[in-house]
Amino acid sequence: MLLTTFGLAAAFVGSASAACPFMGEELEARDVNVPEGHPDLARRDYDPPAGTDDFLAQYEVNNTGEWLTTDVGGPISDQNSLSVGDRGPTLLEDFIFRQKIQHFDHERVPERAVHARGFGAHGVFKSYGNWNNLTGASFLAEEGKETPVFVRFSTVAGSRGSADTARDVHGFAVRLYTDEGNFDIVGNNIPVFFIQDAILFPDLIHAVKPQPHNEIPQAATAHDTAWDFFSQQPSSLHTLFWAMAQHGIVRSLRHTDGFGIHTFRMVKDDGSSKLVKFHWKSLQGKAGLTWEEAQAVAGKNADYHRQDLYEAIEAGRYPEWEFGVQIMEEGDELKYGFDLLDPTKIVPEEYVPVTPLGKMTLNKNPLNYFAETEQSMFQPGHMVRGFDFTDDPLLQGRIYSYLDTQLNRHGGPNFEQLPINQARRKFHNNNRDGAAQMFIPVNTAAYSPNTVGGGWPKQANKTQGRGFFTSNRRYSGTLTRSVSDTFADVWSQPRLFWNSLNKVEKQFLINAIRFETSKLTSDVVKSNVLIQLNRVSHDIAQRVAKAIGMTAPDPDPTYYHDNTTQSVRPFSDKLPKLDGLKVGILSSVSAANASSISSVKSALSAKEVDVKVVAESLADGIDQTYAASDATDFDAVIVASGAQDLFSSNSSSTLYPAGRPGQILLEAYRYGKTVGSFGAAGSALSAVGIPSGDGVYRDATADNIISGLETFKWLSRFPTDD
Ligand code: HDE
């Protein structure tokens with residue numbers, strides 16, 4: 001044929017004959033030439049720990065060793081479309097073409113209205129004991145009892161393709177597949193929320209999302225509408241402060257806590273109940289990025305957080321969180337000086353400590369992002385026996401919204417039948433039909449009560465069928481559209497948060513507000529922001545005003561106080577675990593095999609720290625090149641002995657952008673990371689202008705690097721206003 005003489009034959013190499021169940025030996029399979037030893041990248045090669053819940057395995061589809069078929073199982077023996085002659089029109093009767101293109105055209109489902117960008121992982125929850133003194137919940141009924149979990153972390157404002165390190169509140173949604181049904185704690189990594197009444201949620205989100213006329217900025221609150229809303233709704237100040245601190249730009253999803261936010265109830269088998277707040281405390285410790293660093297990461301690696309979590313789990317470094325509750329008595333809603341029904345308030349741990357009830361370990365990555373993570377549909381309304389809601393008006397609204405939003409995303413009411421959403425026990429009720437019904441109900445009586453079906457499914461009660469029941473909540477009152485006076489003080493707790501930060505953490509918070517407010521174009525919004533900040537602290541208002549060329553209002557001391565509280569800082573004093581942190585050794589090809597590198601590597605790998613050797617080009621012992629490296633790749637950076645010449649001002653190479661080795665070293669220092677050098681390479685630090693000081697190790701040892709990583713950020717390196 002003419003075309004082949006010009007070398008335009010199909011790119012598929014060779015054709016093989018093989019046994020096909022549909023056509024026997026005759027089939028000419030159009031195949032690619034797969035070299036011996038080429039890896040089969042089916043994701044089933046990864047083994048989670050023994051005993052990990054494998055419920056989803058029944059739904060897996062693995063193509064390895066299988067013949068191509070249509071969606072209804074017919075063999076596909078040719079992948080060209082059906083046409084009239086080689087150059088003629090494609091036929092409408094080509095059902096293979098139509099099916100393939102139609103499926104593709106409908107691949108996307110609406111992304112989540114908020115929390116669109118997320119990443120999920122499977123794991124297990126283990127109860128520390130029998131907690132029937134607190135709750136009838138079955139998953140907390142025995143010491144060591146294991147319950148499968150699925151967790152989805154997310155950012156809130158950005159679209160599905162936005163960067164992980166955008167400054168934002170982070171979703172921390174946990175589903176426990178308990179043996180009495182799914183229990184979702186759809187929480188965040190910040191223990192408070194912007195608004196007190198669910199009816200304001202569309203306003204909040206419209207204000208925070210990109211502005212409607214030009215859809216700018218993506219995944220950022222540094223714009224007029226967001227701060228207009230914040231200053232008009234000062235209930236948002238407390239959450240805003242947490243987000244402007246490093247809780248909004250965490251080092252990894254493993255290094256942050258989770259919270260249920262609202263006050264919930266735990267209900268005992270006798271119907272008595274207590275008020276509780278949920279906490280997930282990171283056993284990795286807490287750590288954040290600097291804002292400069294977070295912005296650089298957003299450009300260099302938009303997948304920074306998901307990659308970290310994925311790799312940690314894949315390497316068997318399973319992240320863990322301790323689940324705990326703050327327990328308060330019924331009737332004590334107003335005892336602590338604020339209203340426990342107000343979701344803009346924390347309960348200081350000095351008033352009510354956290355009682356640990358169990359531990360969650362994430363130990364298995366999803367096999368398919370869409371099927372598992374994207375299709376997971378969490379709901380605060382996924383409640384189990386032993387827990388109950390409270391009258392928090394934000395919580396009440398959420399119970400409706402999450403159920404409703406799933407209809408939009410799935411297009412019908414059967415979303416609970418998707419594998420990731422299915423309970424681990426069979427469901428039995430009279431809900432029927434609807435788009436994509438996946439089950440075949442066999443009972444004729446699809447109503448209740450019935451006699452035709454023997455009365456089944458029968459109503460469960462406390463002793464038979466372990467029936468659901470609620471606490472003894474009673475209500476009477478006049479209908480009203482108003483906010484309770486007990487929700488009025490929204491300034492004291494942002495001040496409590498501010499007071500509890502150390503000097504540099506305070507400076508980071510100020511810097512963040514300065515950054516955001518500098519981007520505002522409206523002077524009215526800026527001045528409203530200053531009025532609200534001034535109610536929290538005159539110091540904050542003055543410091544922000546100075547940066548945006550305005551004057552702070554006179555002190556407004558009604559809510560000023562000097563109280564502090566524990567557990568709200570974004571950094572741990574020392575990280576308890578270093579699993580999955582990364583040290584970059586800046587080397588050259590010729591210096592890469594020094595014994596100083598190999599001995600530090602083995603000492604750090606004992607601590608589950610990854611060491612990456614960087615050089616001009618890839619070679620034995622080199623993990624990455626300077627051209628593809630950045631300070632944001634590492635938690636500490638050390639210069640290898642013998643590589644110091646790369647840092648001198650007259651060093652040049654076309655293998656990487658000019659000055660890249662020095663840039664990595666200096667930026668690591670500026671981001672507050674541990675830096676150092678081996679042997680004679682101390683001159684590299686001087687060459688780029690790094691002074692001696694905290695976290696700078698000339699002649700570094702493995703112990704220095706380990707203790708530097710535990711400190712994580714050398715906060716003393718950052719200048720403060722005062
Ligand atoms: Fe959400 N929120 N939210 N939210 N939220 C959603 O549900 C909503 C709120 C949170 O990983 C949506 O399935 C309202 C507080 C997380 O899939 C939607 C209000 C907290 C996730 C929705 C709130 C959260 C969502 C969008 C005010 C912390 C992601 C897609 C009353 C306790 C879950 C979806 C996941 C997702 C509504 C406030 C956390 C639209 C109306 C407070 C972690 O239903």
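Helix 17 spans residues 702-711 of this predicted model. Its buried residues (buried meaning under 20% relative accessible area with a 1.4 Å probe, protein chains only) are Ala702, Ile705, Ile706, Gly708, Leu709 and Thr711. Helices (H or I, at least four residues) and strands (E, at least two) are DSSP runs, numbered from the N terminus. An α-helix has 3.6 residues a turn, so residues three or four places apart point the same way. Phe712 follows helix 17 and has a positive phi, near 65°.

Residues are numbered from 1 along each chain as its sequence is written. Because the model is predicted, local features need pLDDT of at least 70 and side-chain atom pairs count only at pLDDT 80 or more, while totals for chains, interfaces and linings use all residues; side-chain values use heavy atoms, without hydrogens or water.

Ser677 belongs to strand 17. Ser677 is buried, with a relative accessible area of 0%. Contacts are heavy atoms within 4.5 Å. Leaving out residues up to four places away in sequence, Ser677 touches Ile638, Val639, Gly682, Leu685, Tyr697, Arg698, Asp699 and Ala700.

Helix 5 covers residues 237-244. Eight of its eight residues are buried, so helix 5 is largely enclosed by the rest of the structure. These residues are Leu237, His238, Thr239, Leu240, Phe241, Trp242, Ala243 and Met244. They pack against helix 4 (224-232), helix 10 (492-500), helix 11 (503-518), helix 12 (523-536) and helix 13 (538-547).

The iron atom of the ligand has a single protein donor, Tyr402 (OH), at 1.7 Å. Donors are N, O and S atoms within 2.8 Å of the metal (3.2 Å for Na, K and Ca); water is not among the atoms, so sites may look incomplete. Tyr402 sits in helix 9 (residues 393-410). The loop between helix 9 and helix 10 holds Glu416. Glu416 is partly exposed, with a relative accessible area of 28%; partly exposed lies between the buried limit and exposed, which is over 50%. Beyond its neighbours within four places in sequence, Glu416 contacts Gln379, His382, Asn421 and Gln422. Glu416 and Pro719 are 303 residues apart in sequence, and their C-alpha atoms are 52 Å apart.

The chain is divided into domain 1 (118-421), domain 2 (442-471), domain 3 (490-559) and domain 4 (582-717), with bounds from an automatic or database domain assignment. The C-alpha centres of domain 2 and domain 4 are 66 Å apart. An unreviewed UniProt entry annotates residues 69-456 as "domain: Catalase core"; such annotations, placed in the numbering used here with shortened feature names, may be inferred rather than shown by experiment. This span is 21% helix and 20% strand, and its end C-alpha atoms lie 41 Å apart.

Overall, the chain has 17 helices and 18 strands. Of the 722 residues, 50% count as buried. Among contacts between residues at least 6 apart in sequence, 73% join residues at least 24 apart.
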